[in-house]
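I opened my notebook to look through one structure, entry by entry. Here is what I looked up, in the order I took it.

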Amino acid sequence: MLAERAFEPEFLSRLDRLVLGIRRARTSRRGLRTVGRVQGSGIELESFKDYVEGDDLRHLDWNAAGRLDQLFIKTYRTEREIEITILIDTSGSMGAPAGDDKLGLASALGAALAYVAMSENDPVRLVACAMRRGRMTLAPTEFHRRREAYGGLRPFVTGLRSSGETRLGAAVEELMLRRRQAGMTIVVSDFLVNASDWEDALTRLLAARNEVKVIHVMGERETSGAFPPGMYRLRDAESGRLIDFAMDADAAAACQRKAQALSERVREFCQQHGVVYVRAFGAQNLDDIITCEFPHLGIVR
């Protein structure tokens with residue numbers, strides 16, 4: 001199972017030195033008080049203020065006190081922690097075709113991103129989403145900050161199963177009701193849904209001032225049409241509807257065109273709206289995706 005690879009020591013060793021770049025809001029805080037991320041030389045002196053009783057004496061400007069016989073407190077600009085949510089589409093289409101293991105690829109990529117994000121001690125969580133029995137179901141993990149806690153994600157990641165309909169708009173709407181603050185949201189999906197739905201989902205995230213990244217996951221056979229020729233009867237993974245069709249060279253070419261058109265539409269929308277887009281096609285390409293595509297997500301050594 002591909003999701004298991006995300007917890008193998010050899011796989012994790014490749015991720016150990018990677019860091020996820022984040023656009024952080026900067027804010028004034030008294031002295032060196034920070035939340036989450038450990039600060040060092042990156043803290044910038046912003047201003048001074050008159051000392052009042054109760055201020056932290058560690059931040060007194062002793063040079064000014066000696067010259068002016070007056071007490072001032074240094075204030076700094078420091079970086080906020082950023083909540084990172086990795087939203088994984090677990091709808092029925094993520095399990096079809098079964099041999100493509102799209103959900104395994106999505107799970108492995110989501111877990112790998114969580115591991116990388118933990119390098120900065122920012123709070124990270126995975127959230128599985130799908131519409132089931134007419135209700136949007138979100139299954140979130142707890143927020144994790146440190147890589148020592150990464151193993152706790154294993155039951156969640158390896159236990160994900162595909163079913164239900166794709167409704168990214170509804171998933172984001174529900175997520176926004178639970179979200180405490182703007183942060184980074186990484187959407188991992190095959191985007192096999194009406195364009196208005198995923199456009200609405202991404203627009204909502206942006207309107208809520210999130211930094212948004214997209215990982216577009218598709219399978220090898222569904223993008224290439226690499227099925228043996230002949231007649232097929234398929235059951236739609238989300239609606240349950242039976243579909244009869246003939247697979248031949250023309251049908252295979254049509255599969256390729258549709259996959260390419262979908263990829264281009266999602267990519268163009270993301271480009272126009274300042275969303276990072278990464279294409280992750282083919283579960284067998286997991287290692288190459290991490291090597292070649294992760295840098296586009298802002299991941300650096």
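**Entry 1: P97 and the cis bond.** I started at P97, which sits in the loop between β5 (84-89) and α4. This is a predicted model, so I read each value here as a property of the prediction. The peptide bond joining A96 and P97 is cis, and I noted an omega of about -10°. Most peptide bonds are trans, which is my reason for writing this one down.

**Entry 2: helix α4.** Then I checked burial: 16 of the 16 residues of α4 are buried, so the helix is largely enclosed by the rest of the structure.

**Entry 3: the whole protein.** I stepped back for an overview. I counted 10 helices and 13 strands in the protein. It has 301 residues, and buried ones make up 48% of them. Of the contacts with a separation of 6 or more, 76% are between residues 24 or more positions apart.

**Entry 4: D50.** Next I picked out D50, in strand β3 (residues 44-50). Its relative accessible area is 48%, so I put D50 down as partly exposed. Which residues does D50 contact, once its neighbours within four places in sequence are left aside? My list reads D55, Q70, L71 and F72. I also looked up D50 against K74: they are 24 residues apart in sequence, and their C-alpha atoms are 9.0 Å apart in space.

**Entry 5: helix α7 by itself.** I gave α7 a page of its own. With 13 residues at 1.5 Å a residue, α7 should span 18 Å, and its end C-alpha atoms are 18 Å apart, which agrees. Which residues of α7 are buried? I wrote down A195, D197, W198, A201, L202 and L205. An α-helix has 3.6 residues a turn, so residues three or four places apart point the same way. I kept that in mind while reading the list. The buried residues of α7 pack against α6, β8 (184-189), β9 (211-218) and α9.

S196 also belongs to α7. At 48% relative accessibility, S196 counts as partly exposed. I compared S196 with L168 too: 28 residues separate them in sequence, and 10.0 Å separates them in space, C-alpha to C-alpha.

**Entry 6: α6 with α7.** I took the pairings of α7 one at a time. The axes of α6 (residues 168-178) and α7 come within 7 Å and cross at roughly 20°. That angle makes α6 roughly parallel to α7. On the α6 side, the contact is made by L168, G169, V172, E173 and M176. On the α7 side, I listed D197, W198, D200, A201, R204 and L205. How do the residues of this contact divide into nonpolar, polar and charged? I got 6 nonpolar, 1 polar and 4 charged for α6 with α7.

**Entry 7: α7 with α9.** Here the axes of α7 (residues 195-207) and α9 (residues 249-272) come within 11 Å and cross at roughly 25°. So α7 is roughly parallel to α9. The crossing of α7 and α9 is right-handed. From α7 I noted A195, W198, E199, L202 and T203, which meet R265, V266, F269 and C270 in α9. The residues of this contact divide into 6 nonpolar, 1 polar and 2 charged.

**Entry 8: two positive phi values.** Last, I looked at backbone angles. Most residues other than glycine have a negative phi. Just after α7, R209 takes a positive phi of about 70°, although R209 is not a glycine. R209 is placed in the loop between α7 and β9. Is R209 buried or exposed? At 72% relative accessibility, R209 counts as exposed.

R133 went on the page beside it. Phi of R133 is near 55°, a positive value in a residue other than glycine. I located R133 in the loop between β6 (124-132) and β7 (135-140). With 88% relative accessibility, R133 counts as exposed.

Terms used
Residues numbered from 1 in each chain as written. Predicted model: local features only at pLDDT ≥ 70, side-chain atom pairs only at ≥ 80, totals over all residues. Heavy atoms only, no water. Axes fitted to C-alpha atoms, helices over the stretch in contact; angles between N-to-C directions. Helix = DSSP H or I, 4+ residues; strand = E, 2+ residues; numbered from the N terminus. Parallel < 35°, antiparallel > 145°, perpendicular 65-115°, else oblique. Left-handed = near helix turned anticlockwise from the far one by under 90°. Contact = heavy atoms within 4.5 Å. Nonpolar A, V, L, I, M, F, W, Y, C, P; charged D, E, K, R; others polar. Expected span 1.5 Å × (residues − 1). Buried < 20%, exposed > 50% of the residue type's maximum accessible area, 1.4 Å probe, protein only.
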